[in-house]
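Thanks for coming, everyone. I'd like to walk through one structure with you, a piece at a time. Let me put it on the screen.

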Amino acid sequence: MSRRAAVPGLPSRYPIGAQLPALYADDDFAQRFTAGLDTVLAPVFSTLDNLPSYLDPRVAPVDFLDWLSSWVGVDGDPDWPVALRREAVVRAVELHRWRGTRRGLVEALRLALGARAEVVGDGGAAWSATPGSALPAEPAAELLIRVAPDAAAGLDTDRVHEIVRAMCPVHVAFRVEVVETLPGTPDQEGN
């Protein structure tokens with residue numbers, strides 16, 4: 001249901017009564033009639049005057065933000081805080097660009113869950129720079145994704161698997177490990 005409707009007391013920036021010919025300037029009925037039209041048109045003019053703000057996910061009204069997210073292919077969870085939903089829409093194009101890569105997976109997990117992640121393995125990719133050379137040894141075809149939850153919150157493992165499944169190429173097998181801290185990062189006491 002849209003919240004775009006008449007706003008009580010919203011003045012029109014372009015009152016119709018002031019634009020009528022002089023003959024109707026003192027006509028009480030004409031001024032009251034056009035004032036009613038001004039009440040109906042004021043939200044339309046306000047929306048058009050502020051259209052750039054509606055299209056900017058950082059300041060768009062929340063109900064319009066949901067519509068914007070559908071434009072850029074973001075399946076935001078309605079339970080997410082509004083600030084997180086705004087960031088997801090702002091960063092949607094960047095995340096689509098990095099989809100299927102380590103960076104994209106790590107960023108998606110950070111954005112959606114606030115979790116730090118590490119991806120080990122290359123998903124079975126191998127190549128050679130020399131034409132006609134023997135193929136390199138076959139790498140492990142499974143990714144290991146280590147995920148460390150934010151210190152303040154728990155981690156929904158089903159949601160982690162859902163995000164990894166969406167961001168990994170279809171042919172790549174993966175395994176997810178939830179750990180307390182990632183190697184090379186300070187633990188929660190700051191050591």
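Let's start with threonine 34. Setting aside neighbours within four places in sequence, threonine 34 is in contact with Ile16, Gly17 and Leu20. Keep in mind that this is a predicted model. Threonine 34 sits in helix α2. Buried or exposed? Threonine 34 has a relative accessibility of 6%, so it counts as buried.

Which residues does aspartate 38 touch, beyond its neighbours within four places in sequence? The contacts are Ser12, Tyr14, Pro15, Ile16 and Gly17. Now the charge. Aspartate 38 is buried, yet it has no salt bridge. The nearest side chain of opposite charge belongs to arginine 13, and that is 12 Å away.

Next, the largest nonpolar core. This core has 24 residues. Which members touch the most others? Those are Leu105, Leu109, Ile145, Val147 and Val164. At least two core residues come from each of α5 (82-90), α6 (92-97), α7 (102-113), β1 (116-120), β2 (142-148) and α8 (157-167). The largest share is from α7, with 5 residues.

Take isoleucine 145 as an example. Again leave out neighbours within four places in sequence. Isoleucine 145 is then in contact with Leu105, Leu109, Glu118, Val119, Val164, Phe174, Arg175, Val176 and Glu177. Apart from this core lies another one, of 6 residues, including Ala60, Phe64, Leu68 and Val89.

Last stop, α8. Which residues are buried here? In α8 they are Arg159, Val160, Ile163, Val164 and Met167. Look down the axis of α8: the buried residues fall within an arc of 135°, so they line one face of the helix. A quick reminder on the geometry. An α-helix has 3.6 residues a turn, so residues three or four places apart point the same way.

On the other side of α8, Asp158 and Arg165 are exposed. What covers the buried residues? The cover includes α6, α7, β2 and β3 (173-178).

One more detail, at the start of α8. There, aspartate 156 has a side-chain oxygen that reaches to within 3.2 Å of the backbone nitrogen of aspartate 158.

That's my tour. I'll take questions now.

Key:
Residues numbered from 1 in each chain as written. Predicted model: local features only at pLDDT ≥ 70, side-chain atom pairs only at ≥ 80, totals over all residues. Heavy atoms only, no water. Core = buried A, V, L, I, M, F, W, Y, C linked by side-chain atoms within 4.5 Å. Buried < 20%, exposed > 50% of the residue type's maximum accessible area, 1.4 Å probe, protein only. Helix = DSSP H or I, 4+ residues; strand = E, 2+ residues; numbered from the N terminus. Contact = heavy atoms within 4.5 Å. Lys, Arg positive; Asp, Glu negative; His and termini not counted. Salt bridge = Lys/Arg side-chain N within 4 Å of Asp/Glu carboxyl O. Arc of directions from axis to C-beta. Polar contact = N/O pair within 3.5 Å; in protein donor to acceptor, adjacent residues only side chain to side chain.
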